Amino acid sequence: MSHPAPQPVTIDEVAVPHPLDPLTGPEIAAARTILEEAGLLGESVRVPMLLPDEPTKAELARWTPGDPIDRRVDATLLDVATGVATEVIVSITHGEVRSADRVPNDAPPYGQPQYLFEEYERAEAIAKASPEWQAAMTRRGLDAHRALAFCSPLAPGYTGRQDEAGRRILRSLTFLRYNEHDSPWAHPVEGLIVHIDLTENRVIRVEDHGDVPVPAGHGNYYPEAQGEARTSLRPIEITQPAGPSFSVSGARVEWEGWSMRVGFNAREGLVLHDVAFRGRSILSRASVPEMVVPYGDTAPGRFWISYFDAGEYLLGKNANHLALGCDCLGVIRYLDGYVADDHGNPVRIPNVVCMHEEDDGILWKHTDLSGRSDVRRARRFVVSYFSTIGNYDYGFYWSFGLDGSIALEAKATGIVFAGAGEPGVRQRHATELAPGVFAPVHQHLFCARLDVAVDGEDNRLVEVDAERIPMGPENPFGNAFGWTERTLRSESEAQRDADSSVARVWEVQSASRVNAVGRPTAYQLIPQPTALLMADPASSVSARATFATRHLWATAHEDGQIWPAGRYPNAHQGGSGLPEYAAGDRPLDGEDIVLWHTFGLTHFPRPEDWPIMPVDRAGFTFRPYGFLDENPAMDVPESAQAHAVAGSAGSPGAAGSSGAAGSCCGGGDACRCGH
């Protein structure tokens, strides 16, 4: 039987907007007009970052549908001629600038606004015009490749160099392209580093270390370079003839007891608000507001690399336009996203957020003593987006289950960042992927921010460990074990590491509501094994990415405390973000709590990651623990789907088949399915 190709479904419009709705194109355009009329957008002024200035919790508590909404924008402005940055709050509703404050980035701990797209092209032009760069290319015999060379724009980290402190800097590494469609990442010009001042539009210095040959092998992954595609894979069709089980009204989404508001902004990308299950609150807000990619190589061209892909480059602004059948399968609903370009004009990213359902294996099953088998299939609702930052691509997938669980999975793919070396010579900090192509060890460490609201805002945080009981009067046979619970009562107590040896989880309990057995209703944060930041505690990256030195932080909620590494991690000396937020050591027991969870990948590249890396995954689960009084999925019906290949076990007429295709119970005398 053939099925029509699945098509994206348009979003239902709403007449009454909500204060947490993402910014629209007209709103961004209106904000730009207000800034211009206020004289804040001169000829040399650009907009590195423009975000919604979300309403405070107090404002949300006062708001009821139909009330006027003060829609605001939080913009960072940069005068590219002087390097002066200004933070501005604009009320779109009232057509006015509420505040404008200069960013103090010319003294320790410094910090620069996010990069402009136009700065990438400008930096490449500055590098190529440099006599020192040209001389280095000539000395290496690479003059013929200068025109097609790619000079990558890379965040400089913080090295303490006096001629960089407080300046707007990019570092540029050079990669060759042998034709217009060649992948440059396969041809690094090792040891050639150009340091660029973007305000003065000049090269500060050029480093030229060594004469390692440029790898010649191609790193191209597109079909024209890889040859004919295999023909053995047969089509998989994912259809929902009756349509999806979820509904979308504006930014509000509902699915099988779940409700949430789906948002999007230029820095965090996907943001979820007001996540609830069966009408009970779980999360006020959830996002991945930061990630750091520190490299473990001591080479001159890499020791300083520690990219903050949200705080320096903006994950949302670099998000992908998703394509049906490629990025998403099935009956898909998309949301468009709107961000500001370098001049503050609105840019629409179509289909930036994907929403769909997918099969998730067995939900629950039991075969009783008489042979009767009952089984239900799991299904999950997935909200996702993808962002491309230079050579790497990142997907973020929030999944919601029929059992009340939430999972976040980050997917890393794209092209590993490489340098060059002598073929066949082992390096301590890098793997040889192809002849002369060496990929350094590095990490991808994400920080999820979970503004928890388990049955309300009054929550407490409890660390739960499995406990061995010594053999003795309490454990006479040596088999006994139990668990311990420790309430984390302050911000200093709540800076914790995961420990898989004792199955450690962190439990967010309601301070006012109990379940049927008298225990606090709760959700558990279940971490996956993740190495923390491998850099030395005295290193620059450790100071800048302190969030990544702990698996868990918890802070008392305060409006505006969103960024784990601070608002401006670019070229920042360190100490901003979570170290500042937690410095007051505020109480947490029975308070409005925010969890910050570090998870991610420690990547030792392998030849199988070349020329493009298969998806690598990291994440965590947030699941109910006494939040519900029984399994919430007991009323899920049996699956009516069954497809079998003729002649295979379990298919109609196959030898040894004990039931008709479509039976979940397997037939027999105890069958209640009519088979």
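**Strands, rings and charges: a guided reading**

User: Which residue in E2 is the bridge partner of proline 52?

Analyst: The partner of proline 52 in E2 is valine 73. This is a predicted model in which local features need pLDDT of at least 70, side-chain atom pairs count only at pLDDT 80 or more, and totals for chains, interfaces and linings use all residues. Residues are numbered from 1 along each chain as its sequence is written, and side-chain values use heavy atoms, leaving out hydrogens and water.

User: How do I read the sheet around that bridge?

Analyst: Strands of a sheet pair through backbone hydrogen bonds, either parallel or antiparallel. Helices (H or I, at least four residues) and strands (E, at least two) are DSSP runs numbered from the N terminus, and two strands pair if DSSP finds at least two bridges between them. Here, E1 and E2 (residues 72–79) are antiparallel, joined over six bridges. They belong to an open sheet of four strands, with antiparallel pairing and the order E1-E2-E3-E4. E1 (45–52) and E4 (96–102) are the edges, each with a single partner strand, so one side of each has no neighbour in the sheet. From one strand to the next, the twist averages 20°.

User: Which helix lies across these strands?

Analyst: Helix H1 (residues 25–37) lies across E1, E2, E3 (85–91) and E4, at about 115° to E3. Such angles run from 0 to 180 degrees between N-to-C directions, with axes as lines fitted to C-alpha atoms, for helices over the stretch in contact; contact means heavy atoms within 4.5 Å.

User: How many aromatic pairs does the structure hold?

Analyst: There are 29. Rings of Phe, Tyr and Trp (its six-membered ring) pair if their centres lie within 6.5 Å; planes under 30 degrees apart count as stacked, over 60 as edge-to-face and the rest as tilted. One of them joins tyrosine 115 and tyrosine 313: a tilted pair, 5.9 Å centre to centre, with 35° between the planes. These tyrosines are 198 residues apart in the chain.

User: Are tyrosine 115 and phenylalanine 381 buried or exposed?

Analyst: Buried means under 20% relative accessible area, exposed over 50%, partly exposed in between (1.4 Å probe, protein chains only). Tyrosine 115 is buried at 0%, and phenylalanine 381 is buried at 0% too.

User: Where does the charged end of arginine 267 sit?

Analyst: A charge sits over a ring if NZ of Lys or CZ of Arg is within 6 Å of the ring centre and within 35 degrees of the ring normal. Arginine 267 has its charged end over the ring of tryptophan 563, 4.0 Å from the centre. For arginine 280, the ring is that of phenylalanine 627, at 3.9 Å.
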